[in-house]
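Colleague: I would like to learn how to read strand pairing and aromatic pairs in a model. Could you walk me through them?

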Amino acid sequence: MGARRQGAPLTAPVRGIRWWPAALIAVACACALGWVWLPDRDGQERVMMTFPIVFATLLLLAVWLIFLSRLSRRGRRFALVAIVAIVSVIAATTRIRGVTGDLVPVLEWRWASREPPALRLDPLPSPQAQSAEAPASVPAPATPVPAEPSPRPAAPPAVGETAASASIAGDFPQFLGATRNGAVAGMRVADDWAARPPKQLWRRPIGAGWSGFAVAGNVAVTQEQRGDREMVVAYSLVDGSPRWSHGDAAHYESTIAGEGPRATPTISRGRVFTLGSTGLLNCLDLETGKAIWRRDIAADNDSPPPDFGRSSSPLVVDDLVVVSAGGPPGRSLVAYRRESGEPAWRAGDDLASYSSPVLVTLAGVRQIVVLNQSSVAGHDPATGRVLWTHDWPRTAPTVAIPLVVSENRVLLSSGYGIGSRLLQISRDGDAMNQTLVWESTRLKAKFTNPVVHDGFVYGLDDGVLVCLDPATGERRWKGGRYGHGQTILVGNRLIVQTEDGELVLVEASPQAHRELARFTAFQQKTWNPPALAGRYLLVRTDTEAVCFELAEGRTGSGL
């Protein structure tokens with residue numbers, strides 16, 4: 001009975017699925033990801049190393065499934081069809097809408113509208129017909145537009161020189177404020193936002209772009225993308241209603257960098273100066289939005305566009321408008337006449353970065369300092385002559401503006417693992433020299449601009465707030481994971497705008513990281529720089545803008 005019956009067919013032993021190769025692949029993947037995500041590694045470095053690890057893991061699992069799993073032919077075919085179906089559904093229903101500051105893709109449904117409906121239904125006011133019909137290309141010579149005189153206030157205000165700016169104090173006329181250092185003077189902010197939270201005055205949809213607001217009086221001006229046009233739009237500060245708009249046929253968009261203009265307008269003596277993402281430099285009347293002159297700095301200077309669009313905000317110095325052009329040798333930093341738009345001077349040999357020029361005084365010499373793609377340079381404001389230069393790593397984008405920390409020292413910082421350097425600037429007769437004091441990776445400012453208060457520097461180090469001693473480069477503390485957001489210094493308080501859209505109030509003290517209050521402004525990616533004009537805080541994203549009125553601090557708080 002135990003013997004096999006004569007002529008009965010042989011049957012192969014049934015073998016189960018071979019799981020150990022898949023388990024080994026999973027363990028190897030987990031170990032690799034654990035090493036990549038060590039606490040001292042930069043966020044974007046972790047993400048960039050994670051992608052190839054995950055891809056390799058999926059590829060090895062596919063090899064295991066097809067050749068090593070011992071699944072039946074039918075089972076393998078079913079598994080492959082299921083995988084292809086899942087990937088196809090995801091690809092057909094979602095798309096990438098940019099990335100986070102750490103380069104993590106942001107997904108959205110393919111049928112989601114990228115333009116808020118209100119923008120299509122509520123056309124912006126445009127007092128000038130030629131503004132709405134601006135040509136796609138701009139000739140190299142300046143194009144003055146005759147302007148009717150605008151009404152003047154009875155008593156000229158200190159900033160802006162328009163009727164609109166006569167009634168509200170505390171202007172924020174350019175990127176990072178009046179002195180372009182991220183600090184606001186003369187304002188105390190209430191610490192208890194639970195009892196006295198920021199009061200929303202208005203909220204409205206807005207066109208795409210990473211520009212911030214510039215404020216003079218009751219006029220808040222920003223840049224945004226509306227379809228195939230880059231728009232400069234002026235809103236009422238107190239109610240958010242559009243006052244005027246100016247449009248140019250220009251459009252920048254990329255998956256990583258997003259869509260629309262990125263530079264913040266500059267307001268000076270009744271005029272608005274803007275630089276679009278493709279290089280169109282406009283001079284507009286603050287009161288009406290009427291075009292006065294326009295230049296194409298790319299055509300003027302034969303300058304290649306930065307990969308992520310032009311982001312440098314115009315700097316007004318005396319009767320000049322200075323922009324980072326990044327042209328061939330001799331055309332890195334350029335100046336145009338404020339009144340006519342005619343070229344004034346060109347200087348420098350480096351390509352443009354995403355940083356903006358700043359007017360400072362170092363070693364007793366008034367100068368324009370700009371962080372370029374592979375160097376930082378000081379320029380004579382009157383002639384553009386290069387006073388000094390210092391080489392900078394060209395391995396990654398540079399965004400942060402040079403920060404003066406003492407009468408002869410300037411701090412430079414960049415993300416992507418590069419870190420910070422402190423330079424000492426000295427004067428020897430007519431010559432100027434720079435000396436490296438220290439360099440450190442303890443502050444890596446990727447999108448943000450650090451600020452200085454009472455001898456200490458505060459900034460987001462790859463998304464985490466730090467306090468740095470600029471004398472030594474040593475870190476006093478590190479705390480608060482706010483992402484790649486922005487900061488404003490108000491007295492001895494920091495308003496931190498997180499990448500996720502929250503507003504956080506932090507004490508600016510070298511003793512410890514102390515968070516005082518927190519408030520949600522948006523529930524989406526927030527890269528745009530904020531503006532604080534008096535008690536009015538303007539924040540925006542690439543789809544929405546909001547204005548909050550901040551409660552002023554009592555004695556002993558705020559300042």
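Predicted model: local features only at pLDDT ≥ 70, side-chain atom pairs only at ≥ 80, totals over all residues.

Colleague: How many bridges join strand S25 to S26?

Modeller: Strands are DSSP runs of E with at least two residues, numbered from the N terminus, and two of them pair if DSSP finds at least two bridges between them. Here nine bridges join S25 (residues 419-428) to S26, and the two run antiparallel. They belong to an open antiparallel sheet of four strands, ordered S23-S24-S25-S26. S23 (403-406) and S26 (431-440) each have a single partner strand, so one side of each lacks a neighbour in the sheet.

Colleague: And how do I read an aromatic pair?

Modeller: Such a pair is described by the distance of the centres and the angle of the planes. Rings of Phe, Tyr and Trp (its six-membered ring) pair with centres within 6.5 Å; planes under 30 degrees apart are stacked, over 60 edge-to-face, the rest tilted. The count here is nine aromatic pairs. For Phe-273 and Trp-293, the centres are 6.2 Å apart and the planes at 50°, so this pair is tilted.

Colleague: Is Phe-273 buried or exposed?

Modeller: Buried (under 20% relative accessible area; exposed is over 50%, partly exposed in between, with a 1.4 Å probe and protein chains only): Phe-273 has 0%, and Trp-293, at 1%, is buried too.

Technical notes
Residues numbered from 1 in each chain as written. Heavy atoms only, no water.
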